[in-house]
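Hi,

Here is the structure I promised to pass on. Have a look at it first, and then read my notes below.

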Amino acid sequence: MGIGVKLVKNDLKFAQRVFELSSDPGVKDVLGIKVDTIEDTIGFIHFIVQEESEGKVINRVILNENNEVVGITTLKHIDRGDGICHIGTWIGVPYWGLGYNEASKKEILKFAFEELNMEYVFAGAKESNTRS
């Protein structure tokens, strides 16, 4: 049996831990995101919740077996007409190499194909992101 994860909608209650994990240079620098203060993370959560309400993204916080936040996975650039979207995931450094990336991808891909009826889900990585 694989590692257990639960994907939940992003919410302000996760802001502090998402900020802590995404502020680590191992995550922040590779993703090229601006996470200098907790307010940056709160702003991101407000933005992504709005984007999801408009059907543009599906953004999920990844919780492990102990209900700890380990990262975020997202379906973005959702084109329901053509059945195409992109997937992106980041995992906090303390959780690297433990199987959470693969487990969360399986869950979000199941959602993409079974719930959203996507035909294609694209994944890519920056050349500088050697872990991906």
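Let me start with Glu52, which counts as buried at 17% relative accessibility (buried means under 20% relative accessible area, exposed over 50%, partly exposed in between, with a 1.4 Å probe and protein chains only). Before going further, the ground rules: this is a predicted model, so local features need pLDDT of at least 70 and side-chain atom pairs count only at pLDDT 80 or more, while totals for chains, interfaces and linings use all residues. Residues are numbered from 1 along each chain as its sequence is written, and side-chain values use heavy atoms, with hydrogens and water left out.

Back to Glu52, then. Its place is in helix α3 (helices are DSSP runs of H or I with at least four residues, strands are runs of E with at least two, and both are numbered from the N terminus). Not counting residues up to four places away in sequence, Glu52 touches Lys9, Val57, Ile58, Asn59 and Arg60 (contact here means heavy atoms within 4.5 Å). Glu51 sits in α3 too, which covers residues 38-53, and Glu51 is buried at a relative accessible area of 16%. With neighbours within four places in sequence left aside, Glu51 is in contact with Lys56 and Val57.

Next, how α3 meets α1. The axes of these two helices come within 9 Å and cross at roughly 115° (axes are lines fitted to C-alpha atoms, for helices over the stretch in contact, and angles run from 0 to 180 degrees between N-to-C directions). α1 and α3 are therefore roughly perpendicular to each other (that label covers 65 to 115 degrees; under 35 degrees is roughly parallel, over 145 roughly antiparallel, and the rest oblique). On the α1 side the contact is made by Ala15, Gln16, Val18, Phe19 and Ser22, and on the α3 side by Ile38, Thr41, Ile42 and Ile45. By class, that contact has 6 nonpolar, 3 polar and no charged residues (Ala, Val, Leu, Ile, Met, Phe, Trp, Tyr, Cys and Pro count as nonpolar, Asp, Glu, Lys and Arg as charged, and the others, Gly among them, as polar).

Gln16 lies in α1 and is partly exposed, with a relative accessible area of 44%. Buried residues in α1 include Ala15, Val18, Phe19, Leu21 and Ser22. The buried residues of this helix pack against α2 (25-31), α3, β3 and β4.

Which residues have the most contacts inside the largest nonpolar core? They are Phe14, Val61 and Val69, in a core of 17 residues (a nonpolar core is a set of buried Ala, Val, Leu, Ile, Met, Phe, Trp, Tyr and Cys residues joined through side-chain atoms within 4.5 Å). At least two residues of this core come from each of α1 (15-22), β2 (58-63), β3 (69-79), β4 (84-91) and α4 (100-115). Another core lies apart from it, with 10 residues, among them Ile78, Ile87, Ile108 and Val121. As for Phe14, leaving aside neighbours within four places in sequence, its contacts are Val8, Lys9, Val61, Leu63 and Val69.

Tyr100 belongs to helix α4 and counts as buried at 6% relative accessibility. Beyond four places in sequence, Tyr100 touches Ile3, Gly4, Val5, Asn64, Glu65, Val70, Ile91 and Tyr95. Tyr100 and Leu63 are 37 residues apart along the chain, and their C-alpha atoms are separated by 9.0 Å.

Two backbone angles to check when you load the model. Asn67, in the loop between β2 and β3, is not a glycine but has a positive phi near 60°. Asn67 counts as partly exposed, at 48% relative accessibility. His77 is not a glycine either, and its phi is positive at about 50°. His77 lies in strand β3 and is exposed, with a relative accessible area of 55%.

Last one: Arg80, in the loop between β3 and β4. Leaving aside neighbours within four places in sequence, Arg80 is in contact with Gly55, Leu116 and Met118. The C-alpha atoms of Arg80 and Val35 are separated by 31 Å, and the two residues are 45 residues apart along the chain.

Cheers
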